[in-house]
Amino acid sequence: MGCSSSLPDRSTGRLGGLNNSESGGVADAKNLRVKLVLLGDSGVGKSCIVLRFVRGQFDPTSKVTIGASFLSQTIALQDSTTIKFEIWDTAGQERYAALAPLYYRGAAVAVIVYDITSPETFNKAQYWVKELQKHGSPDIVMALVGNKADLHEKREVPTQDGIEYAEKNGMFFIETSAKTADNINQLFEEIAKRLPRPSST
Amino acid sequence: MEKSFNLLHIIQHRRDGYGFALRPQHIQRYREYANIYKEEEEERSYKWNNFIEQQAKSNHSTSSEEECRGILQAEADELREETVFERGREEDDSSDKNSDSDGSTKSYPGKEVKLSEQPEKEVHLSEEPEKEVQRSEQPEKDVQLSEEPEKEVKHSEQPQKEDHLSEEPKKEVQASQIQERETLLSKESDKEGQLLKETKANKVQSWSWTRPSLHVIENMMSSRVKNIKDMKYRLNTINGDHLPSIKETGSSGESSVAEIDKELCIKETSDDNVDKSTEETNVDSKESPESFFPWKELEFLVRGGVPKDLRGEVWQAFVGVKTRRVERYYEGLLAEETNTDESKEHNNSNAAPRKWKKQIEKDIPRTFPGHPALDERGRDSLRRVLVAYARHNPSVGYCQAMNFFAGLLLLLMPEENAFWTLVGILDDYFDGYYTEEMIESQVDQLVFEELIREKFPKLVNHLDYLGVQVAWISGPWFLSIFINMLPWESVLRVWDVLLFEGNRVMLFQTALALMELYGPALVTTKDAGDAITLLQSLAGSTFDSSQLVLTACIGYLAVTEARLLQLREKHRPAVLVVVEERSKGGRVWKGSKGLASKLYSFKHDPGSLVEKKVSEGDKSLLESHSSNLDDLLSGLSVDPEVDSLPDLQEQVVWLKVEMCRLMEEKRSAILRAEELETALMEMVQQDNRRQLSAKVEQLEQEVADLRQALANKKEQEAAMLKVLMRVEQEQKITEEARIGAEQDAAAQRYAVNVFQEKYEKAMASLAQMEQRVVMAESVLEATIQYQSGKAKAQSSPRSVSSSVESPRRRIGLFGLGWRDRNKDKDKPTNDDSGTS
């Protein structure tokens, strides 16, 4: 029966990440599927954020992601809708950017992560924002995430910078810590709220 | 490696036999397989030891005859195959004749006249003495090899023996190599050249710690590395069934024929000088010199897995570390590191090395975190190897994934050996894979997508429907060479074959095997996320490494390096276009579907593409190119000199994209239609089911009603029966009463009768009595009258008496009647006489 629920949406031919089958977004008013891609420099904690969100774990010695890895997690919102996040956690090294389009193409959500202790990673985040504005889905929901917020004594990217940059680019901004789990669930809940709902049209 | 073995018992609960972390969900399965692994390990150590001893022995000998003994076995193998595939013989025979004719067989002129079916016999004769020597050294091998007279018998026995060694792959390989053999004939002299190489190689010092027994393999593999003739070592045997796996395309001529080989064996002693001269002429011919070696046997062993304690050295041998190594080069790279680091502080001329260094530092702690062997020293080694490689090949530098390769290699071998092995893998096997643009890696994904579409159309259809691109999953597989993607035993087994073959064929074969194994499960998934999760977790639990490797190697023999090269050529232009576009910041490919899909539809519809182009205008120009669009495209992307038609180029690119997009849309529309149809069918079926179930329900209701009614009726019946019984009983009682009454009535009637009778009697007697009374009265009257008559007669009293007489008569009538009657009775005679 999965097909009978997904087909009508696909045949409406509406644009945008939620409806295109390739985006992995299936819109049934109550049960959304959302393709989400994490981008950002190497070592900013993309995999840790996903692991914290999906498994509730934190492993300080997690291994390098090669290519990309996939995890999914379903959350329930207060209005009793459920959202299944299909999360592509991409490799951070610069040259893997060549493969990134494979994963962000058709994504409904992009979470761009930087490390608040490293301005370099913040620059890299801006690169990703530009890249997505150029090549991503036009109505992609973008979130800018300053990770490692627990290391505030080593902070080098002021929160204000993140807020301003996010505002300028119509993104949603949050600082998280995968280590302490701070704001991790909030991040995904906030994303969920911002998703265009198929029922609203 | 040793370290991890020692730690095995301590860490077993969390880590596998190699010291790698196990995922919690896999611990149970790993334990189940641990014993299988152990058994397999024992078996393969035994086989490898046999093989190596045998090779080593022949390696040590300097005599040509000794080497011929090795050939003998290869020949035996070959012959066995040839009994099945006889057409393979033809080339052999002809080559045999050729070698005959070149006069190199003077040592055994008479024996050259032989049956082509039994070529090895001849050689045997010459080898007999030597085998006997060997027999004393290696008893178990001699069972196979010695005893000349029995050879023929054995020859017939061996096929059975070999049967379990999975002959199927051999057969197919053989078929493909018949062609190679044909080319061989022309290269005979080249082979002769190798004889020289062998003799020279004897002098080469072994640099690594590789045990001498492995030098045979090492040297043989070294021949793949480059045409360094001085490093070449002519190995002892030759087998027609070589792997078609040499790096260079044109190297397929490596396979050779037993007969030739034999000739060469013989020649070696006699014609050394001749060979030298021929060698000189052949070295430059750019052919990969192939060593004479039991490839088939080794291939079989490799597919069965390399024993743990040999793995490090065997891998080095496969990669050709010895040949690659340049003295002091590694140390030089490391020394350079410190120098440049200092200089970089001042001039920032080259940022790349710093970037690599930084990335390496980031990644070192994230490489097999917690592995017992990667302690502080292990990490230092890892760092040095990675930095040295980045310096060695700046066009690649450092790329994530290398850290895992280097880490794995360091677990198996010393640092510098690991470096050279890494160099071999990255520079040769994965050339262009991990560069800044990762072009070859992208090309391989397109190639893989084409292959998988070809092999599993249904699966890919389903994935298309779900919106899953194969490259999402296969990309990480390829880039990591399955490290962290499969259980370690499987990873190592795949690496065994991959390093042996010397190319990326095994990547494709393994990925296809995984798709074969898990495709059926994938087809059942309902959404993209489930499909990917399922495939990831299934791949991650592929503990049956033998099944995987054999499925990969035997199931996908058609996936050869030649085929892959061809496909890569086909797909590379598209990748280059994209890379170029990206670097320009163009948006050509934006928003449309996957590259691979694009190419797919593109290549399947060249005709329509041409049409479209023509309709676009500019006909004359375009038509001249339309016959070979791919060439044009590659020309556009690769060759910057084609600047004369920039507009046209753009147009072509744009049109292609447009075309691709349209084709893509069409394809997805068709897919959607198909899926809709299935869904509809499902719904219809569901509908029918619903109707039927409604009917069933209704009928059930009716049945229930009827049952209820039936029950009621039965109850009523029971009640009636009761009533009936009661009535019957009453009836019986009444009947009885009636009978009683009747009887009474009868009795009464009888009584009435009796009374009647009595009454009648009484009446009768009454009447009699009355008669009598009457009689008596009359008698009395008569008497009275008599008496009165008498009185009258006596005179006169009569008058008086008459007055008195009347009352007396009355009395008599009413009260004196009885007395009268009695008087009558008393005096009947008187009365009777008187009256009568």
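**Two chains in a predicted model**

In this predicted model, helix α14(B) is followed by B:Gly305, whose phi is positive, near 105°.

Trainee: Is α14(B) largely enclosed or largely exposed, and which of its residues are buried?
Mentor: Helix α14 of chain B spans residues 295-304, and nine of those 10 residues are buried, so the rest of the structure largely encloses it. The buried residues of α14(B) are B:Trp295, B:Lys296, B:Glu297, B:Leu298, B:Glu299, B:Leu301, B:Val302, B:Arg303 and B:Gly304.

Trainee: How many helices and strands does chain B have?
Mentor: Of the 836 residues in chain B, 40% are buried. Among its contacts between residues at least 6 apart in sequence, 79% join residues at least 24 apart. The count for chain B is 37 helices and zero strands.

Trainee: Which stretches of chain B have a pLDDT that stays under 50?
Mentor: Chain B averages a pLDDT of 69, and 57% of its residues score at least 70. Where pLDDT is low, the predicted coordinates should not be read in detail. The model still has 16 contacts beyond four places in sequence for one such stretch and 207 for another. They are residues 1-12 and residues 227-291.

Trainee: Where in chain A is confidence lowest, and where is it highest?
Mentor: The mean pLDDT of chain A is 84, with 84% of its residues at 70 or more. Over residues 1-25 of chain A pLDDT stays under 50, although the model has 64 contacts beyond four places in sequence for them. Confidence in chain A is lowest in helix α1 (residues 2-12), at a mean of 37, and highest in β5(A), at 95.

Trainee: Which residues of β5(A) lie on each of its two faces?
Mentor: In a regular strand the side chains alternate between the two faces of the sheet. Seven of the seven residues of β5(A), residues 109-115, are buried, so the strand is largely enclosed by the rest of the structure. Both faces are covered: one holds A:Val109, A:Val111, A:Val113 and A:Asp115, and the other A:Ala110, A:Ile112 and A:Tyr114.

Trainee: Which residue in β5(A) is the bridge partner of A:Gly40?
Mentor: Strand β2 of chain A covers residues 31-40. Five bridges join β2 to β5(A), and the two run parallel. The partner of A:Gly40 in β5(A) is A:Val113.

Trainee: Which residues touch the most other members of the largest nonpolar core?
Mentor: In soluble globular proteins, nonpolar side chains tend to be buried together. A:Ile112 touches residues including A:Leu39, A:Trp128, A:Val129 and A:Leu144, not counting residues up to four places away in sequence. Of the 172 residues in the largest nonpolar core, those touching the most other members are A:Ala110, A:Ile112 and B:Leu422.

Trainee: Is B:Ala521 buried or exposed?
Mentor: B:Ala521 has its place in α26 of chain B. It touches B:Leu534 and B:Leu538, leaving aside residues up to four places away in sequence. With 12 other C-beta atoms within 10 Å, B:Ala521 is exposed.

Trainee: How do the residues on the side of chain B that touches chain A divide by type?
Mentor: The contact takes 41 residues from chain B and 34 residues from chain A. Elements giving two or more residues to the chain B side are α18 (352-363), α24 (470-480), α27 (528-540) and α34 (646-793). That side divides into 14 nonpolar, 15 polar and 12 charged.

Trainee: Which residues of chain A does B:Pro369 touch?
Mentor: B:Pro369 lies in the loop between α18 and α19 (376-392) of chain B. With 15 other C-beta atoms within 10 Å, B:Pro369 is partly exposed. Leaving aside residues up to four places away in sequence, B:Pro369 touches A:Thr61 and A:Lys63.

Notes:
Residues are numbered from 1 along each chain as its sequence is written. Chains are lettered from A and ligands numbered from 1 in the order in which they are written. This is a predicted model: local features need pLDDT of at least 70, side-chain atom pairs count only at pLDDT 80 or more; totals for chains, interfaces and linings use all residues. pLDDT is the predictor's confidence in each residue, from 0 to 100. Two residues are in contact if their C-beta atoms, placed from the backbone, lie within 7 Å. A residue is buried if 20 or more other C-beta atoms lie within 10 Å of its own, exposed if 12 or fewer, and partly exposed in between; C-beta atoms are placed from the backbone. Helices (H or I, at least four residues) and strands (E, at least two) are DSSP runs, numbered from the N terminus. Ala, Val, Leu, Ile, Met, Phe, Trp, Tyr, Cys and Pro count as nonpolar, Asp, Glu, Lys and Arg as charged, and the others, Gly among them, as polar. Two strands pair if DSSP finds at least two bridges between them. A nonpolar core is a set of buried Ala, Val, Leu, Ile, Met, Phe, Trp, Tyr and Cys residues joined through C-beta atoms within 7 Å.
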